[in-house]
Amino acid sequence: MTQSKPITAPRMAARTALILFLFVLVFTSLLSGAYLWTLPSIEAAAAEEKMKLIDAVLPRDRYDNKLLDDVAVLGAAPELGLDAPARILRARKSGRIEALVLEAVAPDGYSGKIRLLLALRADGEVIGVRVIAHKETPGLGDYIEPQKDRNKARPWITQFDGLNPATIEAHAWQVRKDGGRFDSVAGATVTPRAVIKAVRKAGLFVAANRERILASQ
C-alpha cells in the first residue's frame, strides 16, 4: 500500500493560489454577466432622465425624431464654457430641424460654475433655458432655478424665452442695474450676470456655426 506524499509548503501555496484564481475568475464572470444583463435598463433610465431635463426647455410635441440619437459633435467650444467638444442635439419635425439642444457653462457664478441646458432655434433664438447644476447661495442666488424662484407665475429664467442675441444689441444683455433689460434680485446680481452672459454667448455660437451644426453627420 503506497503512502500519499506529504503536502509541502510550496505545493500548498500553489494549490491555494489556484483556488483563489478560480474563485476570482468565477466571481468576475458572474459580475460581468450581471452588468451586461442590467446594462439596457441602466441606459434606458439614464436616457429618460436626460429627456426629463430636456422637456423643461423643449416640449416633446415640438419634434418627432429620436432626439438623443441625432447629435452634431463640434470641436472644442470655449464660447460655451466647455472643455470637451460640444454635443448639440437636433430636434426635427417631419425631417426639418426645429430646434437645437445643448449645454453651456457660466464659469463666473458667485460660487463657481453654473451649468445650463438650452433649447435654441437654428438662428440662435432662445426657446428655453434651465440651470442643471450650480452652487449659488441658497435663498439668494438660487432664484435662477424655477423651483426656488418666488415668482412662480414668471420665473426669472424665463426672461430669455423668445430673445435672439444676434438681433438684440449687446448692451441690452445685462441686468437693469447695469443698464440692460433683465431683472434681478437686489443683492444677488453676480449670479444673473453670469447666466445672462452665458446664454448670450450660446445664442451667438449657434448662429455663427449654424451651417456646421446642420451639416454635421
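## Surface and overall make-up

Accessible areas here come from the Shrake-Rupley method with a 1.4 Å probe. On that basis, the accessible surface of this protein, a predicted model, comes to about 13,200 Å². Carbon and sulfur atoms hold 59% of that surface. The protein has 217 residues, and 37% of them are buried.

Let's walk along the chain next. Three helices and five strands make up the secondary structure. Starting at the N terminus, their order is α-β-β-β-β-β-α-α. For the contacts with a separation of 6 or more, 48% come from residues 24 or more positions apart.

## The largest pocket

If you like to start with cavities and grooves, here is the main entry. The largest pocket holds about 530 Å³ of space, and 21 residues line it. Nearest its centre lie Lys50, Arg87, Leu89, Glu103 and Leu117.

Which elements give two or more residues to this lining? They are helix H1 (9–55), strand E2 (85–93), strand E3 (96–109) and strand E4 (112–120). By residue class, the lining of the largest pocket divides into 14 nonpolar residues, one polar residue and six charged ones.

## The second largest pocket

The second largest pocket has about 290 Å³ of space and a lining of 15 residues. Around its centre, the nearest residues are Tyr143, Asp149, Arg150, Asn151 and Val185.

How do the residues of this lining divide into nonpolar, polar and charged? The second largest pocket has five nonpolar, four polar and six charged residues in its lining.

## Ser111, between two strands

Now for some individual residues. Ser111 sits in the loop between E3 and E4. Is Ser111 buried or partly exposed? Its relative accessible area is 33%, so Ser111 counts as partly exposed, given that this class lies between the 20% and 50% cut-offs.

Leaving aside residues up to four places away in sequence, Ser111 touches Lys135, Glu136 and Thr137. With Glu136, the C-alpha to C-alpha distance is 5.2 Å, although Ser111 and Glu136 are 25 residues apart in sequence. As for Lys135, its backbone oxygen lies 3.2 Å from a polar atom of the Ser111 side chain.

## Asn209, between two helices

Asn209 belongs to the loop between helix H2 (190–208) and helix H3 (210–215). Why does Asn209 count as buried? Asn209 is buried because its relative accessible area is 12%, and the cut-off for that class is under 20%.

The side chain of Asn209 also has a polar partner: it makes a polar contact with the side chain of Arg212, at 2.7 Å.

## Leu214, in helix H3

Helix H3 also contains Leu214. At 29% relative accessibility, Leu214 is partly exposed. Which residues does Leu214 touch, not counting those up to four places away in sequence? They are Arg90 and Ile97.

Along the chain, Leu214 and Ala72 are 142 residues apart, while 7.6 Å separates their C-alpha atoms.

Key: Residues numbered from 1 in each chain as written. Predicted model: local features only at pLDDT ≥ 70, side-chain atom pairs only at ≥ 80, totals over all residues. Heavy atoms only, no water. Helix = DSSP H or I, 4+ residues; strand = E, 2+ residues; numbered from the N terminus. Buried < 20%, exposed > 50% of the residue type's maximum accessible area, 1.4 Å probe, protein only. Contact = heavy atoms within 4.5 Å. 1 Å grid on protein atoms, 1.4 Å probe; cavity = no way out; pocket = protein on both sides within 12 Å on 5 of 7 lines; lining within 4 Å. Points joined across faces, edges and corners; volume = space filled by probe spheres on them. Nonpolar A, V, L, I, M, F, W, Y, C, P; charged D, E, K, R; others polar. Polar contact = N/O pair within 3.5 Å; in protein donor to acceptor, adjacent residues only side chain to side chain.
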